[in-house]
Amino acid sequence: MSGGWAVLVDVRVLLLVGLLLVVLALATLVLSTAARRLDRLHRRADGARAALVEQLVRRAAATDRLARSGLLDPAASVLLAGAAAEALGVGEPARTAPVVPPPDGTAEPAGAVRLAQGRERAESDLSAALRAALPPEVLADLTSRPEAEGLLGDLATSCHRLALARRLANDAQVQVARRRRSRLVRWAHLAGRAPAPRTFEVDDEPPPGLLP
Amino acid sequence: MRIGVVCPYSVDVPGGVQLHVRDQARELRALGHDVAVLAPGEERPAGWDGPAPELVGRAVAVPFNGSVARLSFGPVANARTRRWLGAGRFDVVHVHEPASPSLGLLALLAADAPVVATFHSALDRSRAMLAAQPLLRPGLERLSARIAVSEDARRTVVEHLGGDAVVVPNGVRVADYAGAAPRPRWQGLRAGRPPVLCFLGRVDEPRKGLAVLAGALPRLRAQHPGLRVLVAGTGDGAGLRDLPRRDAAAVEVLGAVSEQDKRALLASVDVYVAPQTGGESFGVVLVEAMAAGAPVVASALPAFRRVLDDGRLGALFPVGDAAGLADAVQAVLADTPGTERRRRAATTAVRRYDWSVVGRELVAVYETVLQGVGAVALVAPAPDDPPPSSRWRARLVRGTRPTSARRGPGASGRRRSGGAGGSR
């Protein structure tokens, strides 16, 4: 009699434990798949953002070289050198002094947002300065001078690649944002303390006629 | 750079994407890159002068997205794709039409290298696409860069998948078209005969719009007795059989033509007519016609308007309007100076689509992608700066706990501070 009871209990416990294990295994599988997917997107977004930052620096550097080449009139040179220095300078603090994240760790640090906004403004200003300093007639004149060829080529390439890098970076941010809106990711807090995705909005229209 | 290019459609039948893959591979190789091609098919097609494709064998003809496509899928194709990827050790894998159930999708899911994809088609939202979305999304999320062949194809990508895409247009070998010799039997006005029009594209596919051209025939023939229409493209021409006998006599069906014949045809005729009624995302043939020096008359689809610069490079007529087509052709044939002016403008404009330009734009995309990948790789080994993403990755994927929760100021700042830490 008691032996029969023991068997009955055993079966129930076994069933329960088995069920629990299956549920756990399923949950692990679902969560790890979702985490891996999100992680892949995060890594891609980080990489694309790094490429964007590099292109921003390259464009500012190319502008600076053109400004100091003596090929442009003094006023345009000053305008371009100033805009390039501004763009490079706004990007600088991020390199030297990391901003401390807020203790809850969920949102992007306020300093970083301010920094990004300042940078967006400085880069848009640089685009506007380039368009102002290189109107079609100046561009046509520069194109005809052999000593300007390398400088203009660098600038054209960096402008084109900046637009490319920005589109890739923003696309990656949008994908991350969408994935992070999914219920599973929010409930399981899969995004951890990764900063909130944020697109980089800047006017990157190159001077008309400046073709790589 | 080692680049692997994946074609989704069988090279046993000619097609736009297949030719695009061939020319892309050829151009990338000319730029000094190491290029390999993977494609469905049984034997290397004639005229394939780019890097020889690795063929995965017979493709299956299946209805997909409104037409019949020859695709490769299944365990064998998957295994071959994986083997090809493993042997190639590519820096970048470039797949075409990643949303079609073929090698592109398989390569996308199996590749370790960053994957770039080109979306060729501008599609209307279809039920099949919507149903496939949840299945495709995890794969499409792996793409490091999406390329659309036109603003219209880009809009399709944005609407269907969200996010954004960069635009790199289809390429054309401009020199091959510009240097094509005309054939006297296809010439009209220039040989002192009544004008000759030409139409390219599948005859029995309604969206190609042959019916619109046929509808314009009575008026065109009334204005130009003896006018001929050369129709090049596959299909049995069932739609043409309903034509009145006299109109039908003006139509000459050439059937499928080789690339060389296509170039000669475009170089010979007086007008190239593109009466398509939809489904076009770019209009390579328009560029080819312009490169060969044929005046273009096209329906005012958004993609065509863009290629023709809103009528500066060729004449436009309302989509599906046979009378408008007849008027436009009439105007092109009558206004010789205007047509000549357009032809000259078109010859300059098509240089933008030459493979030498397009190839470099593709390389710029690859390099931008690799720049990002390199930046992440530079940072990963730094012990005091855990990979950004999620804590779960460290715990679940790697099985270790993150060592600290310190974070940088945002994606870009963290990258750079991390990069400095790693190199110190």
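Here are some numbered notes on chain B of this predicted model.

1. **Ground rules.** Residues count from 1 along each chain as its sequence is written, while chains take letters from A and ligands take numbers from 1 in the order in which they are written. As the model is predicted, local features need pLDDT of at least 70 and side-chain atom pairs count only at pLDDT 80 or more, whereas totals for chains, interfaces and linings use all residues.

2. **How confident is the predictor?** pLDDT is the predictor's confidence in each residue, from 0 to 100. Chain B averages 83, and 85% of its residues score at least 70. Please read two stretches with care: pLDDT stays under 50 over residues 381-390 of chain B, where the model has 33 contacts beyond four places in sequence, and also over residues 392-424, with 82 such contacts. (Two residues are in contact if their C-beta atoms, placed from the backbone, lie within 7 Å.) For the complex, the predictor gives an ipTM of 0.79 and a pTM of 0.82.

3. **The overall picture.** Chain B holds 16 helices and 15 strands. These are DSSP runs numbered from the N terminus: helices are H or I with at least four residues, strands are E with at least two. Of the 424 residues of chain B, 51% count as buried. Here, buried is 20 or more other C-beta atoms within 10 Å of a residue's own, exposed is 12 or fewer, and partly exposed is in between, with C-beta atoms placed from the backbone. Among contacts in chain B with a separation of 6 or more, 66% join residues 24 or more positions apart.

4. Helix α2 of chain B (residues 75-88) has 14 residues and spans 20 Å from first C-alpha to last, close to the 20 Å expected at 1.5 Å a residue; the expected span is 1.5 Å times one less than the number of residues. Which residues of α2(B) are buried? They are B:Ala77, B:Thr81, B:Trp84 and B:Leu85. Seen down the axis of α2(B), these fall within an arc of 95°, so they line one face of the helix. The arc is that of the directions from the helix axis to the C-beta atoms. The cover over this face includes β1 (2-6), β2 (34-39), β3 (53-55) and α3 (103-110) of chain B. On the other side of α2(B), B:Pro75, B:Val76, B:Gly86 and B:Ala87 are exposed. Just after the helix, B:Arg89 takes a positive phi of about 45°.

5. **A covered strand.** Next, look at strand β6 of chain B (residues 92-96), where 5 of 5 residues are buried. B:Val92, B:His94 and B:His96 are on one side, and B:Val93 and B:Val95 on the other. Strands pair when DSSP finds at least two bridges between them. β1(B) and β6(B) run parallel, with 4 bridges, and B:Ile3 has B:Val92 as its bridge partner. Another 4 bridges join β6(B) to the parallel strand β7 of chain B (residues 115-119), where B:His94 is partnered by B:Val116.

6. Strands of a sheet pair through backbone hydrogen bonds, either parallel or antiparallel. In chain B, one open sheet has the order β12-β11-β10-β13-β14-β15, with parallel pairing. β12 (251-255) and β15 (315-317) stand at the edges with a single partner strand each, so one side of each lacks a neighbour in the sheet. The twist averages 25° from one strand to the next. (Axes are lines fitted to C-alpha atoms, for helices over the stretch in contact, and angles run from 0 to 180 degrees between N-to-C directions.) Strand β14 of chain B (residues 296-299) pairs with β15(B) over 3 bridges, and B:Val297 stands opposite B:Ala315. Helix α10 of chain B (residues 284-292) packs on the sheet, touching β10, β13 and β14, at about 165° to β14(B). Helix α9 of chain B (residues 259-268) lies across β10, β11 and β13, at about 160° to β11(B).

7. Is B:Asp242 buried or exposed? B:Asp242 is exposed, because 10 other C-beta atoms lie within 10 Å; its place is the loop between β11 (228-232) and α8 (245-250) of chain B. B:Ala250, in helix α8 of chain B, is buried, with 20 other C-beta atoms within 10 Å. Beyond four places in sequence, B:Ala250 has contacts including B:Leu217 and B:Val229.
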